[in-house]
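Please load the model in the viewer and keep the selection panel at hand.

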Amino acid sequence: MSHEGIRLMTPEESARQEQAERQLPRIAVTPEKVRVLLTEGRGLEIDWVDGHKSAWTFNWLRDACPCATCNDERRQEGRKPGEPKKKPADLLPMYTPPAKPATAHAVGRYAIQFNWLDGHSGGIYSWEYLRRQCQCQECTFTDAETSGAPN
Ligand SMILES: [Zn+2]
């Protein structure tokens, strides 16, 4: 007898899910300052109008590319945005240079786009996408808890 498919949610869990699906307030997806740390090679930092601060490395951003091709690839491999590609175990370790954009530019008032040195440039990173993928401790805490807990 299998109980698969039956899933009871605690009030905390459904509250959390509601929060994940909830529309973010405008001040949470409006950047006050956007810093692309190109020369340092460090990544992207955004200070949001609501006071929150987010930062992502270029490697993370490259692995979170929101273009259709990369989205499909991640879905097929079961990777979350920002999760590096799994390397086949039978391959000799190869040096992969860290991801870095040659340039970055704003797309309208809602997104940023990177021209990666590997030639890829299709991904348009909307402010909302980035805010939902904030990697700070506060934002990743609930995530780690829900995906890591055995049912
Ligand atoms: Zn892509």
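Select arginine 35 and glutamate 45: they form a salt bridge whose closest N and O atoms are 3.0 Å apart, the term denoting a side-chain nitrogen of Lys or Arg within 4 Å of a carboxyl oxygen of Asp or Glu. The pair links distant parts of the chain, 10 residues apart, with arginine 35 in strand E1 (residues 31–37) and glutamate 45 in strand E2 (residues 43–48). Strands (E, at least two residues) and helices (H or I, at least four) are DSSP runs, numbered from the N terminus. Arginine 35 is partly exposed at 29% relative accessible area, whereas glutamate 45 is buried at 18%; buried means under 20%, exposed over 50% and partly exposed in between, using a 1.4 Å probe and protein chains only.

This is a predicted model, in which local features need pLDDT of at least 70, side-chain atom pairs count only at pLDDT 80 or more, and totals for chains, interfaces and linings use all residues. Residues are numbered from 1 along each chain as its sequence is written, and side-chain values use heavy atoms, with hydrogens and water left out.

Next, select arginine 79 and glutamate 73, a salt bridge with its closest N and O atoms 3.8 Å apart. Here arginine 79 is buried at 8%, while glutamate 73 is partly exposed at 26%.

Move to helix H4 (residues 127–132), where arginine 132 and glutamate 128 lie 4 residues apart, about one turn of the helix. Finally, select Arg35, Arg42, Glu45, Asp47 and Lys53, which salt bridges with shared partners join into one network.
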